[in-house]
Amino acid sequence: MISRKVIFSVVVLLFTSSCAFCQTEVVKGVVNSLAFYKQQKDIKYLINAKKTVDSLIKTKADSADLEKNVYKAVVYTSIVYTDSLNKTNQAPNFLNKTADLVDELLTKKKIYKYPTEMDFARRCLANVYMRHGFRQMHVSDYTNAIRSFKKAQSYIPSYRELNAYLAYANNRMGNVQEAAKYYGILLSTDTIKPEYVDAAVNTYKTVGDTAKALQLLQKGRKLLPNDKSLLLEEANIYTNRKDYKALAPLLPQLLDDNANNADIAFIAANCYDHLDEYDKAESLYLRTIELNSAFYDPVFNLGVLYFKVSALKKDANAGNDLARATQWLEKANEILPDDSKCLHLLQLVYTKEGNQDQLNKINNKLKLLTN
């Protein structure tokens, strides 16, 4: 199956929440600076907002003031979110200091009075940690990427895409069971993306849980009925398991989607062959050979099919099928002259036909191969 690339994107965070802040006169200067930044996108207004909010917190009483600290969190998270290049020259521990402030505020009993402000602060921090995670993955630092994504998830647990990032990073670390857990969470709703189904299926196959892989594929195909890749992957699993009864219902659509694909035609032919639907198998083997005349397996299988059919018939047509078996097995022998399976079957065919000359040649060839 062709793997689809998982797209990593940062949470959309519009700098509009400042308009909805329910500030008092005490923090009006802070909110005004944020509003100016929103309008003019000049970072000096964020610096002004920080200076203003810092000036409000001087005494022990100020440090205990919930509103002042909430707006300090709003300003600080605005800076870490916006100023990724640190043009405002903040201290190296500024992000950690800001995250600690937000984490502490979230434990306060009356923090429910500031839902807009705290939601804004959480989303700012989540974006920052996701950016860190993406940069860390870019240099294959998956251990720290996982830490960053988990930190982001602590601020926006409802953002489902983070499960994909955590699954991907864990997969690259070799933590396949952990990756499978996150994919399971990601695909637990009716809104899924095909690339996540692909990745989850491959993960579950890696840990040997084919049943779970099939469950996800079936759900994915139900929600994404026009996705050809998911159909093909499900067919591949049934083929590998030799579950031809489960594979057969998929074949009409699979053949329609891959009309000129010799491999798909062969898979279908082989399936019908095992289900004793010989007419369909014959037609598809011939189609496969038409698409790829150098493909050994359909040539050999077609010879085997005619040999089986000849053994089932008791009338004059049995001889015709035996002749066809001889024709296709000889073609198979031309493609792979030393394949012992084909040579042994030719032994049976020539014996049944009474063709002693050809039988002697085959016997001699087998002796040479086994010596």
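Modeller: Happy to. A salt bridge here is a side-chain nitrogen of Lys or Arg within 4 Å of a carboxyl oxygen of Asp or Glu. By that rule the structure holds 14 salt bridges. Please keep in mind that this is a predicted model, in which local features need pLDDT of at least 70 and side-chain atom pairs count only at pLDDT 80 or more, while totals for chains, interfaces and linings use all residues. Residues are numbered from 1 along each chain as its sequence is written, and side-chain values use heavy atoms, with hydrogens and water left out.

Let us begin with Arg221 and Glu234, whose side chains meet in a salt bridge at 2.9 Å, N to O. Arg221 lies in helix H11 (residues 210–223) and Glu234 in helix H12 (residues 228–240), so the pair ties together parts that are 13 residues apart in sequence. Helices are DSSP runs of H or I with at least four residues, strands are runs of E with at least two, and both are numbered from the N terminus. For burial, buried means under 20% relative accessible area, exposed over 50%, and partly exposed in between, using a 1.4 Å probe and protein chains only. Glu234 is buried, at 3%, whereas Arg221 is partly exposed, at 26%.

Another pair is Asp273 and Lys308, with their closest N and O atoms 2.8 Å apart. Since Asp273 belongs to helix H15 (residues 262–274) and Lys308 to helix H17 (residues 296–312), this bridge ties together parts that are 35 residues apart in sequence. Asp273 counts as buried at 6% relative accessibility, and Lys308 is partly exposed at 30%.

In the salt bridge between Asp62 and Lys68, the closest N and O atoms are 2.8 Å apart; Asp62 and Lys68 are both buried. Asp119, Arg122 and Arg123 are linked in a network of salt bridges.

Now to the helix, H10 (residues 194–206). Its 13 residues reach 18 Å from first C-alpha to last, close to the 18 Å expected at 1.5 Å a residue, where the expected span is 1.5 Å times one less than the number of residues. H10 is mostly covered, with 10 of its 13 residues buried, among them Tyr196, Val197, Asp198 and Tyr204. The cover over these buried residues includes H11 and H12, along with helix H8 (161–173) and helix H9 (176–186), contact meaning heavy atoms within 4.5 Å. Just after H10, Gly208 takes a positive phi of about 85°.
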